[in-house]
Amino acid sequence: MFDFSPDPGLDPAERHRQLCSAADALTDSESDAIANMANIAALMWEFLPELNWAGFYRVIDDELVLGPFVGRPACIRIPLGQGVCGAAAASGDTQLVEDVHAFPGHIACDAASRSELVVPIKRDGRVLAVIDLDSPSPARFTAEDARGIERLAELLSGRI
Ligand code: SME
């Protein structure tokens with residue numbers, strides 16, 4: 001059994017440190033990409049408050065394909081360049097969106113979503129996948145969340 005339940009009183013920086021350390025421990029000796037993404041989706045859900053979706057899209061040919069996640073069923077295929085996830089995959093840059101309704105082309109998989117953070121996972125300069133976090137709270141994600149999830153993406157680069 002794995003029990004990584006974070007203390008509810010943790011400050012955001014410590015929360016991200018513990019999330020990364022739990023992710024390292026869980027994926028360190030496992031080479032299966034799907035198993036690792038599934039466990040990391042569950043960990044992000046446990047560690048980060050106010051989420052309604054946490055998971056992965058993988059880059060396959062010229063589109064993003066839904067990967068392991070926690071949350072409501074979601075759009076399966078997203079063309080590169082479309083929506084927040086497609087923008088992150090096409091540019092290779094983190095997308096921190098305070099108000100999804102103000103993001104041109106945002107794809108609403110869950111009408112409850114109000115803000116979103118998408119971080120690309122790269123290997124040798126190529127985007128392999130993106131980590132997608134959605135929240136029902138406006139402006140839920142901060143620059144600190146972006147840095148924390150970027151560290152997680154670096155860790156996962158060789159493990160998915
Ligand atoms: N909102 C995303 C689509 C994926 S769902 O949020 C799970 C986007 O605009 O790319």
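The strands β4 and β5 run antiparallel and are joined by three bridges. Strands here are DSSP runs of E with at least two residues, numbered from the N terminus, and two strands pair if DSSP finds at least two bridges between them. The model is predicted, with local features needing pLDDT of at least 70, side-chain atom pairs counting only at pLDDT 80 or more, and totals for chains, interfaces and linings using all residues. Residues are numbered from 1 along each chain as its sequence is written, and side-chain values use heavy atoms, with hydrogens and water left out.

**Exercise 1. Strand β5**

Task: Find the bridge partner of Leu96 in β5, then describe how β5 is joined to β6.

Solution: 
- Step 1. Leu96 has Leu117 of β5 as its bridge partner.
- Step 2. Between β5 and β6 there are nine bridges, and these strands run antiparallel. Val118 stands opposite Asp132 in β6.
- Step 3. Two residues lie between the strands in the hairpin of β5 and β6, where Asp124 takes a positive phi near 50°.
- Step 4. Buried means under 20% relative accessible area, exposed over 50%, and partly exposed in between, with a 1.4 Å probe and protein chains only. Seven of the nine residues of β5 are buried, so the strand is largely enclosed by the rest of the structure.

**Exercise 2. The cysteines**

Solution: 
- Step 1. A disulfide is a pair of cysteine sulfur atoms within 2.5 Å. The structure holds one disulfide.
- Step 2. Cys75 is in the loop between β2 (63-71) and β3 (77-79), and Cys109 is in the loop between β4 (95-97) and β5 (115-123), so the pair ties together parts 34 residues apart in sequence.
- Step 3. The torsion about the S-S bond of Cys75 and Cys109 is about -125°, so this disulfide is left-handed.
- Step 4. Cys20 counts as buried at 16% relative accessibility.
- Step 5. Cys85 is in no disulfide, and the nearest cysteine sulfur, that of Cys109, is 7.5 Å away. Cys85 is buried, with a relative accessible area of 5%, whereas Cys109 is partly exposed at 33%.

**Exercise 3. Asp134**

Task: Locate Asp134 and find the nearest side chain of opposite charge.

Solution: 
- Step 1. Asp134 is in strand β6, residues 126-135.
- Step 2. Lys and Arg count as positive and Asp and Glu as negative, while His and the chain ends are not counted.
- Step 3. A salt bridge is a side-chain nitrogen of Lys or Arg within 4 Å of a carboxyl oxygen of Asp or Glu.

**Exercise 4. The aromatic rings**

Task: Describe the aromatic pairs of the structure.

Solution: 
- Step 1. Rings of Phe, Tyr and Trp (its six-membered ring) pair if their centres lie within 6.5 Å; planes under 30 degrees apart count as stacked, over 60 as edge-to-face and the rest as tilted.
- Step 2. The structure holds two aromatic pairs. Trp53 and Tyr57 are stacked, 5.8 Å centre to centre with 25° between the planes.
- Step 3. Trp53 and Phe69 are also stacked, at 5.0 Å and 15°. This pair links distant parts of the chain, with Trp53 in β1 (residues 53-60) and Phe69 in β2, 16 residues apart.
- Step 4. Trp53 and Tyr57 are both buried, whereas Phe69 is partly exposed at 28%. Trp53, Tyr57 and Phe69 form one aromatic cluster.

Conventions
Helices (H or I, at least four residues) and strands (E, at least two) are DSSP runs, numbered from the N terminus.
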